[in-house]
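I opened my notebook next to the viewer today and wrote down what I looked up, entry by entry. Follow along on your own screen if you like.

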Amino acid sequence: MPATPTTDPLQRERDHLAASRAALRAMREDVQSLDLRDVTGTWVSAAVLRNQIEARIAALADLSHTPLFFGRLDYLHAISEEPSEGTGGAARSAPSEGGGGRRAGENFYIGRRHVHDADGDPMVIDWRAPVSQPFYRASRTDPMDVERRRRFGYTGGELTAYEDEHLTDPAEEETSSALLAAEIEKPRVGPMRDIVATIQPEQDEIVRSDVTGTICVQGAPGTGKTAVGLHRVAYLLYAHRERLARTGTLVIGPNSAFLSYIEQVLPALGELDVAQATVQQLVGHVEVRGEDTPEAARLKGDARMAEVLRRAVRAGIALPTEPCVVVRGSRRWRVPVHELVEIIEELKGREVRYGAAGEALPQRIAHAVLVKMEQGGEAPDDRVQDAVARNSAVKAVVKACWPAVDPAKLVLRLLSDPEFLAGCAEGVLTPEEQRAVLWPKPGRSVKTARWTPADAVLVDEATDLVQRTPSLGHVVLDEAQDLSPMQYRAVGRRCTTGSATVLGDLAQGTTPWATASWRDALRHLGKPEAHVEELTKGFRVPEEVIAYASRLLPAIAPGLAPAGSVRTAPGSLTVRRIAAEDPADAIEAVVAACREALEHEGSTGLIAADARIPLFAEALAAAGLPYLSPGAETSAEARLTLVPASLAKGLEYDYVVLDEPAAVIAGEPDERTGLRRLYVALTRAVSGLTVLHGEPLPEQLR
């Protein structure tokens, strides 16, 4: 006998969740049961298909701790099915995939992935589908034909609550969503999680921006700019999967700890094949073992170095002084000096890559020889031209006039040889700047030289001048405010024919070369036409904390508007002076504050100046408090992370204990950079911030 339908709305939703999980399990089992033995032609195609099947199985995994759906839309009217622009073709716009067609009164459950039943009818719609967009954009002023928007609340994977907004009911008062607030404020244990259930309208506009355009997001702390960038990747892969599968996508972060923190976001959204790297990993042509002075690093990161390197790469080009004589059988074919000069000057004027021009030069000389052979009554073909291009006389001209360039050896010479640098930098760098750029001790070889991070970027520039860097389809660049012009150029080379999402906050720039303007940064990136969006509404950091940190803005970024927050949390900010004469007592007070923070649910970060980290490592160990390093995944057993101030950027913790702001400032080469580093540290907390100081606070915070 069939079960009697329940009248309890919450139970009906739980039943739909159970049915959806069963349908997802069936979808996965269908893929696992596929027999590939009779459908593959070669072992290569079999391997490719097997990899695709394995990726599909992984994408259909049901994560018990992750809700399968988080919302529901009830529409008022029917619309006819129409393909949606940019969604990857007709298959993406069919009703079963969340496209244009729907019936009057139909409802759709919105989740992280598409789930259908045995008949192909949708049970959960992918949040990226066009029909899902009103979940993020609909409002009382523009309901987008939505009668009701329902949000679901979960506890430990179990559906425990729901709340409704009747967007077309004038009698219903507009109130803030308690479930939305609870999801935003949920304790943070483990790596960064997705925000797919809480994307706001202004964030959704950025997420769904067209793939052909580059967009730059200036976002204050807690505005979700990193999450927006990652969800934009997920959306673009959904809407333009074939295109980006061919060209590739890449997420670039400031350091490995940051990339470890965010690495689970895209897999949770079903995207498993997005590469991640730091800028330093991108330019890993040489082994970095040295450090520059701040002035040397700033100059090496200056965009003027691109012209210096261009001259250096072409410094070996020489015009011939002797004709090229090619012997073929009993005949000699002579290319006079003036023709050789014309060929080389023409290649120089075209500004093609040095390596490509070097490959073209023997063919151009060989063509000149073939013209003379034809004038002499012979009928040479392409094979003859290739043979002439390999002739020793032609090779000798190419070697003398267009010598091969090894990018690393070239930069080694440039930074070691004052005369060579002076010749390449004349009129570009002053003599004082040239001396600052030169290595104190000349490098003996590429392998033994003490390359610095800025040197590696110069080698990457030289490498691109010799041979074009392959372009990806889309690049996400996070914490972009800290890049030098030359680093922007290195990233820009990876998306010359693609697009980019640039994320950052000018107020958090903590390098000597931090950009002062997004327009300048985008010009160096090669995307001057990019659109700049500003996010100023915070969701992560409580109003009390962000208001306190924003007191620093007039000193560190006078042009930026202070951020606000949708969350107020009375008692979330504590500033306490430690009146301890003995430094050990001050350390103990910080450890006690960590114990106090750990009494709350969620993660705790102890942020301190880099120089003081060893002191706290020893003190925490002595106190029996286990702690993690930045980027390590927190767990119920290990919820405390000891964070050097230099690595705090991009990370977040439920509770933060900040030690001695004056020491954080003093750890930087100048006061403005120090205040910016302090601003970063002050804005890492989600639920509570405790600032402990023995020395006076900076005047902006007093």
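**Entry 1: the whole chain.** I started with burial: of the 702 residues in the protein, 53% are buried. I kept in mind that this is a predicted model. For the overall extent, I read off a C-alpha trace that spans about 100 × 75 × 45 Å along its principal axes. My tally of secondary structure came to 29 helices and 21 strands.

**Entry 2: an open sheet.** I followed six strands through an open sheet and noted the order β3-β4-β2-β1-β5-β6, with mixed pairing. Which strands sit at the edges? I found β3 (115-116) and β6 (158-166) there, each pairing on one side only. Then I looked inside the order at β1 (residues 69-75) and β2 (residues 107-111), which run antiparallel and are joined by five bridges. On that pair I marked Leu73, which stands opposite Phe108 in β2.

Entry 3: Next I went to β18 (residues 604-608). Why do I call β18 largely enclosed by the rest of the structure? Five of its five residues are buried, so that is how I wrote it down. I reminded myself that in a regular strand the side chains alternate between the two faces of the sheet. In β18, I saw Thr604, Leu606 and Ala608 point one way and Gly605 and Ile607 the other way, all of them buried. The partner I looked up is β19 (residues 640-644), which pairs with β18 in the parallel sense over five bridges. In that pairing, Ala608 stands opposite Pro644 of β19.

**Entry 4: a hairpin.** I moved on to β10 (residues 324-328) and β11 (residues 331-335), an antiparallel pair with five bridges. Cys324 has Val335 in β11 as its bridge partner. How many residues lie between the strands of this hairpin? I counted two, and noted that Gly329 takes a positive phi near 65 degrees in the hairpin.

**Entry 5: positive phi without glycine.** The glycine made me check other residues for positive phi. Most residues other than glycine have a negative phi, so I gave the exceptions a line each.

- Asp145 has a phi near 70 degrees, a positive value in a residue other than glycine. I placed Asp145 in the loop between α4 (133-137) and β5 (146-155).
- Glu660 is not a glycine either, yet has a positive phi of about 40 degrees. Its place is the loop between β20 (653-659) and α28 (661-666). Is Glu660 buried or exposed? I noted it as buried, because its relative accessible area is 9%, under the 20% cut-off.

**Entry 6: two surface patches.** I finished on the outside. Glu581, Asp582, Asp585 and Glu588 form a negative surface patch. I found Glu581 in the loop between β17 (573-577) and α26 (583-598). With a relative accessible area of 83%, Glu581 is exposed.

My other patch is nonpolar: Trp43, Val44 and Val48 make about 350 Å² of surface. Val44 belongs to helix α2 (residues 43-59). I wrote Val44 down as partly exposed, because its relative accessible area is 42%, a value between the 20% and 50% cut-offs.

Technical notes: Residues are numbered from 1 along each chain as its sequence is written. This is a predicted model: local features need pLDDT of at least 70, side-chain atom pairs count only at pLDDT 80 or more; totals for chains, interfaces and linings use all residues. Side-chain values use heavy atoms; hydrogens and water are left out. Patches are made of residues with over 30% relative accessible area and no salt bridge: like charges are joined within 9 Å, nonpolar side chains (Val, Leu, Ile, Met, Phe, Trp, Tyr) within 5 Å. Accessible areas come from the Shrake-Rupley method with a 1.4 Å probe; for residues, only the protein chains shown count as cover. A salt bridge is a side-chain nitrogen of Lys or Arg within 4 Å of a carboxyl oxygen of Asp or Glu. Lys and Arg count as positive and Asp and Glu as negative; His and the chain ends are not counted. The place of a charge is taken as NZ of Lys, CZ of Arg, CG of Asp or CD of Glu. Helices (H or I, at least four residues) and strands (E, at least two) are DSSP runs, numbered from the N terminus. Buried means under 20% relative accessible area, exposed over 50%, partly exposed in between (1.4 Å probe, protein chains only). Two strands pair if DSSP finds at least two bridges between them.
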